[in-house]
Amino acid sequence: MLIEQCVYANRWRAVTPAAKGLLALGALVAAFIVASRPAVGLLLAVLVATVPVVGAGVRAGHYARIAWPPLSFLLIGGLSMLVAVDLQQGSINLHLQSQHEVFVVVARSCGALAALLLLVTTTPLTDLIALLRRMKTPELLLDIMVLCYRVLFVFSESVHDMQTAQAARLGYADARRSLHSLGSLAANLLAQVWQRSRGLHQAALARNNDGPLRFLAPTFAQAGRHTAFAAIAALALVAASLWLRSGV
Amino acid sequence: MRDMLLEMARVSFAYPDGSAGLRDCSLAIRRGSRNALIGANGSGKTTLFLHTNGLLRPSQGELRYAGQAVNYSRHGLRDLRSKVGLVFQNPDRQLFSASVREDVSFGPLNQGLSEQEAAHRVDAALNAVGMEGLAHKPVQNLSFGQKKRVCIAGVLAMAPELLVLDEPMAGLDPAMQTELLAVLERLHASGMTILLATHDIEFAYRWADDIHLMKDGACVTSFPSAELANHADILAAARLSLPPVIALQQVLTASGALPELPPIRSSEDLLAHLEQPVAKRSSAHGR
């Protein structure tokens, strides 16, 4: 939900997702190119990470909280590649010979993460789906994305309400009760999912739907200018990363 | 002859589990009228509404739209659903997209309208329900009342002739109810026929032209709202009571505080009559 807050509150909310997508793509390609020099790769990741914060006005605290889970996963993954634990001998060995490869992987992943977060923290999913629709993504996939995204909120509200109702009647008073409550919550939710899916189908029929879910694509002012600007920035990033790599 | 828009002739419907949804139900909706469908929970109101839009098909009996029997072919249903707009009770059941504007565009695009025409309809519908300022808001950040209005806009954008609303006032606070009522009044003034389900007999008496009563899946009776006082016994059988304003008018008329007047439909109107100077009251007319 933190991501939701960011995407609707940032300064780039009205910028066409095509421009933001292009910039993110440029950053992604640059991250792959430049990662052979891990220090430069990490620098690029930091630079790309500052774009949504400085450019789009995403709050730094929010950004850090969004980035933390994947980043910590990445760092733990990197460490586990560096360190080998031998249980039989009870020793921990450092794979120093593969140190460079690990740094390359970590730098590349950090760069890719920053590029994706650039898009994710500034673009509402509805805009992204509209962009994917324009890019001729199969309708079935888009329908699933639209419905999943919508029911995510419906069910998170349901879960919250059920949990509150259970807690109000001491459903989480001890570990045994908690487990029981959680089980009945899951069972209840399953029944609700079934009912809701039928309800949504009926609602779709009531509004004359007989095929893919069709919606009006959002329009963006100055889309051409923003896209051109993003394309230039993306190309500059890629060119700079090529130049930096050749400087090894 | 009255111009009937939707007619149900002895319609029965049973759910697959065997429970009866509708039993020999006959009902007629006049073009341009405001209709309130009253009945207790489980009396079959929602089942009846699902029939109006062709989502359910009668096991027996017939549904007629503008004098023609409803054709349940793909094309026929498309036609019916373009003319009868159904607003569900729970907005979360109806809203598909997480964006207000996108969701409202769903119906018009399904009707096969061009993007330009659909965009025009969406703007007009959002305007009609006073939601034009929130067109780009995510649905999950809207209040219950706002979601309800988006649902109505989603149906209005399909330009239906008959608007069917399942308990539209449920869950709304008094201020939101007043706003919604104003929206419905504007729609009715523009010529739209409205059918809504409600538990609130006082509201039905005040607002509707015709009242339809349901009990245990049967359409018990239909009558003009002004004649509600004559149906006290049928209401009592459905465990409903007359609005207090009827008894008040009767007592005040008997005591001479009010002259003989046509039925006064709300406490506000009654108060307005009482506040008029005595000489004017006899010449005044109730709504």
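Trainee: Which residues lie nearest the centre of the largest pocket?

Mentor: A pocket, on a 1 Å grid over the protein atoms alone, is an open set of points where a 1.4 Å probe fits, with protein on both sides within 12 Å along at least five of seven lines; lining residues have an atom within 4 Å of a point. Here the lining has 16 residues, and Q195(A), R198(A), G199(A), Q202(A) and R93(B) lie nearest the centre. This is a predicted model, in which local features need pLDDT of at least 70 and side-chain atom pairs pLDDT 80 or more, while totals for chains, interfaces and linings use all residues. Residues are numbered from 1 along each chain as its sequence is written, chains are lettered from A and ligands numbered from 1 in the order written, and side-chain values use heavy atoms, without hydrogens and water.

Trainee: How much space lies in the largest pocket, and which element gives the most to its lining?

Mentor: A volume is the space filled by probe spheres set on the grid points, which are joined across faces, edges and corners. For the largest pocket that is about 470 Å³. Helices (H or I, at least four residues) and strands (E, at least two) are DSSP runs, numbered from the N terminus. The most comes from α8(A), with eight residues. At least two lining residues each come from α8 (175–206) of chain A and α1 (45–52) of chain B.

Trainee: How many residues of each class are in the lining?

Mentor: Ala, Val, Leu, Ile, Met, Phe, Trp, Tyr, Cys and Pro count as nonpolar, Asp, Glu, Lys and Arg as charged, and the others, Gly among them, as polar. The lining has seven nonpolar, six polar and three charged residues.

Trainee: How many salt bridges are found over all chains?

Mentor: Side chains of opposite charge can pair when their charged atoms come close. A salt bridge is a side-chain nitrogen of Lys or Arg within 4 Å of a carboxyl oxygen of Asp or Glu. The whole structure has 19 of them. One of these pairs D210(A) with R74(B) at 3.5 Å, N to O. This pair joins two chains, because D210(A) sits in the loop between α8 and α9 (223–246) of chain A and R74(B) in helix α2 (residues 74–83) of chain B. There is also a network of salt bridges that links R150(A), D92(B) and K147(B).

Trainee: Where in the chain do R34(B) and D209(B) lie, and is R34(B) buried or exposed?

Mentor: Their side chains form a salt bridge of 3.1 Å, N to O. R34(B) is in strand β3 (residues 34–38) of chain B, and D209(B) is in the loop between α8 (201–207) and β9 (210–215) of chain B, 175 residues apart. Buried means under 20% relative accessible area and exposed over 50%, with partly exposed in between (1.4 Å probe, protein chains only). R34(B), at 11%, is buried, whereas D209(B), at 22%, is partly exposed.

Trainee: How do β1 and β2 of chain B run?

Mentor: Two strands pair if DSSP finds at least two bridges between them. Strands β1 (residues 4–14) and β2 (residues 20–30) of chain B run antiparallel, joined by seven bridges.
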